[in-house]
Amino acid sequence: MTTTLRDTIAAAFRAAIDRAAADLDWPAEARDAAIEVERPGDPAHGDLASSVALRLAKPLRKPPLAIAEAIRDRFPASEVVATVEVASPGFVNVRLDPRWVVRQADAITSAGADFGRTKALAGQRIQVEYISANPTGPMTVANARGGPMGDVLANVLAFMGAEVTREFYLNDRNTQIDVLGRSVALRYRELHGEKVEIPADGYPLEYVIDIAQRIRDHEGDRYIGMSLDEQARAFAPKAVDIVAHEWLPRAAERFGMHFDVWTRESTFMDSGYVGDTIKELRARDAIEDRDSAVWLKSKELGEDIESVVIRSDPGHTPTYLGIDIAYHRHCLVERGFDRKVDIWGANTHGHMRRMRTALTALGLIDRWDVVIYQYVKFMHEGVLAKMGKRTGRILLLEDVIDAVGVDVARWFFLQSSPDRTLDFDFELAVRQSSENPAYYVQYAHARIASIFRTAADRGLTTASADTSILTSPGDAVVVKALLRFPELVQDVMERRAPHLLTGYALELAGMFHAYYKDHRVVGDDPALSRARLRLVEAVQVTLKQVLGLLGISAPETM
RNA sequence: GCCCCCAUAGCUCAGCGGAUAGAGCGACGGCCUCCGAAGCCGUAGACGGGCGUUCGAUUCGCCCUGGGGGUACCA
């Protein structure tokens, strides 16, 4: 299925308008008009409708009803469309032929795992970078929000034919890592009997003690004679290894996310590629030297501030921005990705703008997408609070997975728009997990599996099912909902809105549950039973597709 | 100050400029001699305020109010 129903109907409108324009001498605007096809809320208004006649009224200087009628009269005949009606003040309402509709259940089941799949992005290599938390501690719910979003977007890109690489970028050498090293050193000393105090800007949480304990278990007291600075320098990379090699990947895998590539920021600092990138920016007149630092001329290039890319310190170390520009260039120029998609938290908004400036200067901007998602707040001692590893207020992702399971946890993150702040009430999540919408959807899938078990007991299968005998209005209603799935895939991509999939899944499940109530699937009439089995099979296929993209399991039993 | 995001039912959230704004939880009332009641049906309940654009605004623009984020030679 590469053409959506929406596109098919839009093409029919296009043809009708072009014909009307030729017949009636309409001006050029008629041919240029964008045709938007929508699903009316009221079934009385048909299955699909367009307001194109209302939009054309002004440029054509004709009454919308007259335009609508002209379109209606020239609407191409097809097996898909039953009737075309005009409604005041100028809508053109299309009703699908129910015989065609129910037949699509056959097409959906035979497409199976390919239902909704397209080749729209075939041949494109796309990198999706998400989470990319500082490796200064275990994965928190705040870090994790971008996870399911990036994961689902990556799934959808792959579903549209792209060759996708899922990447986790580790900021493994910076001042925060130094702070972590120092905190570990203090805990290490504490384990050896010294009385210590974690400074306000240190990492106060227990996991730091775990790291110190690990070091002590493996290497004993061999560091005890060193200065704090020496210890901090020695421990920082060890701490990063534990976090980056063990904790973060474990949390990611448990959350159903597999990263193809883990890239370390330090490899760029050491490779000379940053210097090379700065040279390129300089050649493009996007760099200036001032106060012995190197600046991106972002202000001159349209931003409200300028930013340092190479510090004025003795080592002339690059800033996070400088390295990240190099990293993006490396991905797009050296590694050969056609696109890079970044899923970033709201706090990177300023960074995003400077990156945009830099990538524009480098001529790479058209190949970069960034999705910014808003913060996660959580209930801490009765109030909504912002998480922070340094403030000691965190909620671990794995604790949430332990409490509610991975499917419910993923659903929770995927149900709301990236533009909205997420308030996470752990107690509430646990209390409501047994009533979670995820189960509502999974239950529909399992219920269909159960119907098939019952059918098998009675020797019924979908073999030689004849869906043309499905003539109750309820049959077509369900299949029409299924036909929206390929459109949803497009919408998720275009709007970068994974949460549309959870909404659709809910709608689909609700539609099935209602159908189930009113339509006996396995009944006395074998032909009808076979046909309805085929229909619910199509529902199951579609639910499985949606849940698959969401990374949520589709159980046979619950 | 400037920039970005948000404000929809008691709570948590959907809603592509369209024709009667939807779910879930919570409240109330119904439905299992029949394919899974983790379900179904019904009742009550909402677009923060103002101005504008438009044939039509919850949706777009501006202003106000209230939240959140950013505005580092941190990441």
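This is a predicted model: local features need pLDDT of at least 70, side-chain atom pairs count only at pLDDT 80 or more; totals for chains, interfaces and linings use all residues.
Which residue stands opposite Glu-163 in E6? It is Arg-125.

1. **Strands E5, E6 and E7.** Strand E5 covers residues 125-129. Strand E5 runs parallel to E6, and 5 bridges join the two. Strand E6 also runs parallel to E7 (residues 261-264), this time through 4 bridges. On that side, Tyr-169 stands opposite Thr-263 in E7. Strand E6 itself spans residues 163-170 and is mostly covered, with 7 of its 8 residues buried.

2. Look at the loop between helix H7 (146-159) and E6, where Ala-162 is found. Is Ala-162 buried or exposed? The relative accessible area of Ala-162 is 9%. Buried means under 20%, so Ala-162 counts as buried. Leaving out residues up to four places away in sequence, Ala-162 touches Leu-121, Gln-124, Ile-126 and Leu-157. Arg-284 is 122 residues from Ala-162 along the chain, and their C-alpha atoms are separated by 32 Å.

3. **Strands E11 and E12.** Strand E11 (residues 339-345) pairs with E12 in the parallel sense, over 6 bridges. One pair to find in the model is Trp-344 with its bridge partner Ile-372 in E12. Strand E12 (residues 368-373) is mostly covered: 6 of its 6 residues are buried. In a regular strand, side chains alternate between the two faces of the sheet. Now check E12. Trp-368, Val-370 and Ile-372 point one way. Asp-369, Val-371 and Tyr-373 point the other way. Both sets are buried.

4. **The four-strand sheet.** What is the order of the 4 strands in this open sheet? It is E1-E2-E4-E3, with antiparallel pairing. Strand E1 (37-38) and strand E3 (81-87) stand at the edges. Each has a single partner strand, so one side of each is left without a neighbour in the sheet. Strand E3 pairs with E4 (residues 91-96) in the antiparallel sense over 6 bridges. Within that pairing, Thr-83 has Arg-95 in E4 as its bridge partner. Helix H1 (residues 5-24) lies across E1, E2 (48-50), E3 and E4. The helix runs at about 130 degrees to E4.

5. **The three-strand sheet.** Another open sheet has 3 strands in the order E8-E9-E10, and its pairing is antiparallel. Strands E8 (287-290) and E10 (307-310) are at the edges. Each of these has a single partner strand, so one side of each lacks a neighbour in the sheet. From one strand to the next, the twist averages 45 degrees. Strand E8 is joined to E9 (residues 293-296) by 4 bridges, running antiparallel. Ile-287 stands opposite Leu-296 in E9. Helix H12 (residues 273-283) lies across E8, E9 and E10, at about 105 degrees to E8. Helix H13 (residues 320-334) packs on the sheet too, touching E9 and E10. The direction of H13 makes about 70 degrees with that of E10.

6. **Helices H3 and H4.** Helix H3 (residues 52-60) packs against helix H4 (residues 64-73) at an angle of about 120 degrees. Their axes are 8 Å apart. That angle makes H3 oblique to H4. The crossing is right-handed. From H3, the contact uses Val-52, Ala-53, Leu-54, Leu-56, Ala-57 and Leu-60. From H4 come Pro-64, Ile-67, Ala-68 and Ile-71. By class, the contact has 10 nonpolar residues, no polar and no charged.

7. **Helices H5 and H19.** The axes of H5 (residues 98-111) and H19 (residues 473-482) come within 9 Å and cross at roughly 55 degrees. The two helices are therefore oblique to each other. Their crossing is left-handed. On H5, the contact residues are Pro-98, Val-101, Val-102, Gln-104, Ala-105 and Ile-108. On H19 they are Asp-475, Ala-476, Val-479, Lys-480 and Leu-482. What classes make up this contact of H5 with H19? There are 8 nonpolar, 1 polar and 2 charged residues.

8. **Helix H16.** Helix H16 covers residues 406-414. In H16, 8 of the 9 residues are buried, so the helix is largely enclosed by the rest of the structure. Among the buried residues are Asp-407, Arg-410, Trp-411 and Phe-412.

Notes
Residues are numbered from 1 along each chain as its sequence is written. Chains are lettered from A and ligands numbered from 1 in the order in which they are written. Side-chain values use heavy atoms; hydrogens and water are left out. Axes are lines fitted to C-alpha atoms, for helices over the stretch in contact, and angles run from 0 to 180 degrees between N-to-C directions. Angles under 35 degrees count as roughly parallel, over 145 as roughly antiparallel, 65 to 115 as roughly perpendicular and the rest as oblique. A crossing is left-handed if the near helix is turned anticlockwise from the far one by less than a right angle, and right-handed if clockwise. Contact means heavy atoms within 4.5 Å. Ala, Val, Leu, Ile, Met, Phe, Trp, Tyr, Cys and Pro count as nonpolar, Asp, Glu, Lys and Arg as charged, and the others, Gly among them, as polar. Buried means under 20% relative accessible area, exposed over 50%, partly exposed in between (1.4 Å probe, protein chains only). Two strands pair if DSSP finds at least two bridges between them.
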